[in-house]
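Here is a short briefing on a sheet and a chain contact. Keep the structure open while reading.

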There are 2 protein chains.
Amino acid sequence: MSAIADRPEASIEPMMLYMGRRAREAARELALASSDAKNAGLIAMAARIEADAGKVLEANAQDLDAARAKGRDAAFLDRLALNGARVAAMAKGLRDIAELADPVGQVIARWTRPNGLEISRVRVPIGVIGIIYESRPNVTADAAGLCLKSGNAAILRSGSESFLTSLVIANGLSEAVVDAGLPEAAIQLVPTVDRSAVGFMLGGLDGAIDVIVPRGGKDLVARVQAEARLPVFAHLEGVCHVYVHDKADLAMAKKIVLNSKMRRTGICGAAETLLVDRKAAPTHLAPLVEMLIEAGCEVRGDPETQRADSRVRAATEDDWPKEYLDAIIAVKVVDGIDEAIAHIARFGSQHTDAIVTDDKEAAEQFLARVDSAIVLHNASTQFADGGEFGMGAEIGIATGRFHARGPVGVEQLTIYKYAVRGSGQTRP
Amino acid sequence: MSAIADRPEASIEPMMLYMGRRAREAARELALASSDAKNAGLIAMAARIEADAGKVLEANAQDLDAARAKGRDAAFLDRLALNGARVAAMAKGLRDIAELADPVGQVIARWTRPNGLEISRVRVPIGVIGIIYESRPNVTADAAGLCLKSGNAAILRSGSESFLTSLVIANGLSEAVVDAGLPEAAIQLVPTVDRSAVGFMLGGLDGAIDVIVPRGGKDLVARVQAEARLPVFAHLEGVCHVYVHDKADLAMAKKIVLNSKMRRTGICGAAETLLVDRKAAPTHLAPLVEMLIEAGCEVRGDPETQRADSRVRAATEDDWPKEYLDAIIAVKVVDGIDEAIAHIARFGSQHTDAIVTDDKEAAEQFLARVDSAIVLHNASTQFADGGEFGMGAEIGIATGRFHARGPVGVEQLTIYKYAVRGSGQTRP
């Protein structure tokens, strides 16, 4: 990688294509690497991050200075900033990934044909994953670790503001995997902040990249989704709903609504809209709204919600499809489960939606009919997370309709091939 | 559909976008349709094709006349031509699809978290499938049937030469599904031969199409792969290899090579290259070449193969990556399994490759290391087929590295969502 960084005369495109070819070659080796070798690589990566902590923090201080000079706000600086604890968390994350089961080589299905052919569907890595991220330098380690575990080569494109930090981390990681006998190009960071590199990645580098994962704000995800000429694992937004059904227990509804909205308001699985069934409204609406307001949440409601509590301001049509990512919620009274499902279909983002009810039949209807990556019955929308699903770390949450939906963990970073074992069979 | 066809003043793009929206609406209904309803639809479609046989053959006669007037060759006319038997085969194909298990609603995985959450990964349809095909009108029925069974709406784009035939078939099919209580827009044929329609489909119709399936020649597939801004199920070509290993039984090798190459030479799973291990060459090479030549196959070989049989003409570098789709084979002597695997990695198309050997260890190495959608041990490459795999009909074979690899049947036309059942859990 450094050889390329030292050739500033080279134009970006040939460099990117060269990275793509190296990644593809590395992917061929990684696909055949043993679980032990990959786990040794992950542990070496963790140790290297710890050993590099001083250098990483130094680079991060430079990145932070530059970001402050550009007038970046506190939230941005917090995403960018590392400290000892955050570096340690990256290392721990890599060790946790080493503990996960290796998906590669798993036999997903196996059957025997009448002619005696034994057919196995076996998990193999996807190949080369392109990760385009913004200010969080920890994505460098998290994404590289998940890719390595699943036998994929990673091409990492760091945001310009975290570039120095990411570069120190990535250089250490790719050297660490070499020590573990794995190819250096298993982990490559695009060694330039030139934005044209993103465009080349979205073009697939001549078929060298198999899938793109954007990690960052809505603008980045929207650009990637609009311009990528290859598959993307992403969600543009999480407009998540909690529907409090007619047969909802009020205490449970309060607990789930509060947690779904207020546990953390800035994550994609946070609820943005509360739908209350008209039959439940007389008993449930006022207490739910009061609870939210007392918890510090702004409530924007339809006329009925406003009548239930004078502190509710009027919701406009803009509120229903809105992802606040803040302590704000839109509240609407709906006429039964059909209207609730129709509202979610119209305004939701197919991310995560929940129903609260003691009526098993209504719950099953909601689970079947709401077309979102994750649908929950009597549980908080904030469970939308690979770790909470027991899948270990995730590279993101996908709301597309192809390959993987919901949390994308190491298993979702694989595809399969067929191994067919015969004894001389020919096709008639 | 006819309403649109009657509005020639409308430009293509709004019409295509309208079809996309109708397909998406139909997909929402289809996703919730019962297996019984879908099977009733398939049986109604079969009956309708039989009832329409006269009209279909009449339209086909017109298409054939036009194709002949354009000077199309015999192979083209054969792909385009229908007769009573071919119409009956379409109807039978639809009834066979009705017999398949419904993939939608299948629980792929289910587990319980320590906090009591029950997580299920449930199959759901992908949504809307765009099928772009050329001269074979039977694709209309086959693709529509596979999409309906898997709960997907189909947007069919017929080749201009088979347009009239496809239109009569498709109109009948979409009316038939209405009789079975399913949405008419479950099956839509693009009602124009204007080629710009293909470009709009490759753009995804504003997100209305989830995946494109090209069915036709290499030019079509290459264009779709190059221009599509959404996922594609396809294989550009099948440069399939048979590697006769050192420990191959000669009789079995002869049988498998002959079948792989000569059973049908025009299909994607036909072998195009024979690799013979140097250690097996003294005993196996001449008999294999002789057998192929006697079966009417032209053999193009490296110098060693030419020495083994004087009828072998010299292979050039162009032969190794060549998909002949004809009674021609390239033959090369390789130094062991490593060179065989390297040759396949360099010149193959990641479609289907086979090893013939009695050495179990070599077989397992080949199956693990050859990175193709289908790898076989001691079996003909011509088994590369959804029907032969026991998956029922297939919409095609995919050699990409995303979502599905190998035969794409009804199961591969689905994705999943998570249904999470709780009892009031909130995230700490």
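Two strands count as paired if DSSP finds at least two bridges between them. The model is predicted. In it, B:Cys240 has B:Ala271 of E8(B) as its bridge partner.

**The sheet**
- Strands E7 (residues 240–244) and E8 (residues 271–277) of chain B are parallel and share 5 bridges.
- They belong to an open, mixed sheet of 10 strands.
- The strand order is E1(A)-E2(A)-E16(A)-E13(B)-E12(B)-E7(B)-E8(B)-E11(B)-E9(B)-E10(B).
- E1 (107–112) of chain A and E10 (313–314) of chain B are the edge strands; each has a single partner strand, so one side of each lacks a neighbour in the sheet.

**Helices on the sheet**
- Helix H11 (residues 250–262) of chain B packs on the sheet, touching E16 (414–425) of chain A and, in chain B, E7, E8, E11 (328–334), E12 (352–356) and E13 (374–379).
- The direction of H11 makes about 165 degrees with that of E12(B).
- Helix H14 (residues 336–347) of chain B also packs there, touching E7, E8, E11 and E12 of chain B.
- H14 makes about 140 degrees with the direction of E11(B).

**The contact between chains**
- Chain A gives 54 residues to the contact, and chain B gives 54 residues.
- On the side of chain A that touches chain B, H2 (12–31), H11 (250–262), H15 (360–369), E13 (374–379) and E16 each supply at least two residues.
- E16(A) gives the most to that side, with 11 residues.
- That side of chain A divides into 25 nonpolar, 15 polar and 14 charged residues.

**A pairing across chains**
- E13(A) runs parallel to E16 (residues 414–425) of chain B, joined by 5 bridges.
- A:Leu376 has B:Val420 as its bridge partner in E16(B).

Definitions and conventions. Residues numbered from 1 in each chain as written. Chains lettered and ligands numbered in written order. Predicted model: local features only at pLDDT ≥ 70, side-chain atom pairs only at ≥ 80, totals over all residues. Helix = DSSP H or I, 4+ residues; strand = E, 2+ residues; numbered from the N terminus. Contact = placed C-beta atoms within 7 Å. Axes fitted to C-alpha atoms, helices over the stretch in contact; angles between N-to-C directions. Nonpolar A, V, L, I, M, F, W, Y, C, P; charged D, E, K, R; others polar.
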